[in-house]
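Please read this report with the sequence and the model open beside it.

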Amino acid sequence: MTRPTITALVVLVGLLLLADLLVVNSALQDVAGVVVDAAILVAAGAALAAGASLVTRRLGDLWRRRGDPIGALLVVAGVAAMLVAGMRPGSSGSDDPAVQWLLAALLIPIGATLFGLLFVSTVAAARRSVAGGSREAVVLVTATTITVLLLLPLAGSIGSWLSDASGWMLGTAVASVFRGLLIGIALLGAVYAARTMLGIGSADE
Amino acid sequence: MPSPADLLGRLVRFIGEVLGASSLRFEIGTTIVLLGVLLVLLQLVARPISRWVTADAAGLAGVGRAMALAAESGTDAVVSLGGGGITRTTDALARLQTIASLPLLGHVARAAARSGVPLRVLVNDPIAASLAAATVDAAHEATATLERQGRTRIVIVGEGRPAIAGLAMTTRARPAAAFAFGSLREEALLHLDGLRSGAGTLTTVSADAAQAPSLRLGGGSALIGPELFQAGADLRSSVDERTMVMAGNRLIGLAVAVVAIGTVLAMAGIIDLGEILVGVARE
């Protein structure tokens, strides 16, 4: 397929989806639905092909004794365990208790352990950034320290003042910066999405 | 045959008649203002660049130097396209960031191809992997370095955001330059820590607002928030484009000043914006 044809296809599909978003029309909705379903099918096919390619490559690594044999074995064994759990006779697929157990007992703890490192990483990154003399990092760490101090659970009038100050800090100062950032992201994201759907690329693409 | 001035006069009269005869709720002046806003939006969509500032905050113009250093040291460069993917079950903004990262990947890939530096591209989605492969192939084609194409690897790290952060943290290879473009969520700091460790330079670009502190603390150059969508324009620096950008910046500054002054006047009770814009006075 030549490049102009692809561009024309992108523009057509983009206009169709935009029109479906703006105009309530059942025929248009059906056509847009077909296009979206086709995209989902292509994505699912690509995912299956990628999975098959991964297993084939890892089996090849094991067969030819190259690369990381332990990693290859773990990948192949993991895929096989999931396939057996989800596709054995009598299994209810992705809702099967065996599949759910594999997810809950293996994947979720691995993810949770990884995210458990975030506290250490954040403190180390803050120390490193301040030590490096980055002006933005110094401002960031100072603001964070002030916010943490304001959130101290103290009793009495000091605690009440700190609570009010933290409320103001989070509701006014932090929220206004954050909302400004979100508005900017939303505006430019919408512009970029419209450009992409209409097939308008930058000069060097 | 009518003169150009005559044609222009007819056109203005025609538009005036159409607006005058319309059943719009707004007056002609307000309608023209609204049409002007629409025109500006269309111009933003269709104009060749989307850049507001002329500073190269993320050092994308210096990618060539980083690649030259990589070539000298005989190491590779790594580009992570974030954890958003394109067909993953995540929000649309995260997936849009992956698409917006492809021109940046193309820029890095062209510099790497010219310098003969192998690239490692990390993705966690097969469609993103195919698009990344196509982008890298196009870079080799554009730089006439097809013989170096086989040295670049597209690595699908597996489903999920922790997987890509885990791989970045545990990989023993030390790249000369590392780039993280696209959606980074709660795993951002782990991801950037892994990429930064041992890398000569680190460039991060993400539009996830909540992770702005992580990008700032991660070290290296960073483009935060909407800058991801503008970064494509940082890759070009012709005089015409810079002039357009600077003119655009001044117009935007003017618009912001008008909005600020209008707001102050409205707050002081000197003018009523509701009456001006929609013809309904404030009660």
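## Chain A as a whole

In chain A, 18% of the contacts between residues at least 6 apart in sequence join residues at least 24 apart, where two residues are in contact if their C-beta atoms, placed from the backbone, lie within 7 Å. This is a predicted model, in which local features need pLDDT of at least 70 and side-chain atom pairs count only at pLDDT 80 or more, while totals for chains, interfaces and linings use all residues. Residues are numbered from 1 along each chain as its sequence is written, and chains are lettered from A and ligands numbered from 1 in the order in which they are written.

The secondary structure of chain A consists of seven helices and zero strands; helices (H or I, at least four residues) and strands (E, at least two) are DSSP runs, numbered from the N terminus. Chain A has a radius of gyration of 26 Å, whereas a compact globule of 205 residues would have one near 17 Å; the radius is taken over C-alpha atoms, and the globule rule is 2.2 Å times the number of residues to the power 0.38.

## Helix α5 of chain A

Helix α5(A) holds 14 residues (118-131), which at 1.5 Å a residue should span 20 Å, and its end C-alpha atoms are 19 Å apart, which agrees; the expected span is 1.5 Å times one less than the number of residues.

Its buried residues are A:S121, A:A125 and A:S129. They lie on the same side of α5(A), because they cover an arc of only 60 degrees around the axis, taken from the directions from the helix axis to the C-beta atoms. An α-helix has 3.6 residues a turn, so residues three or four places apart point the same way. On the other side of α5(A), A:F119, A:V120, A:V123 and A:A131 are exposed. The cover over the buried residues includes α6 (135-150) of chain A together with α7 and α8 of chain B.

## Where the chains meet

In all, 40 residues of chain B are in contact with 39 residues of chain A. On the chain B side, the largest share, six residues, comes from α4(B).

Note on methods. Buried ≥ 20, exposed ≤ 12 C-beta atoms within 10 Å, placed from the backbone.
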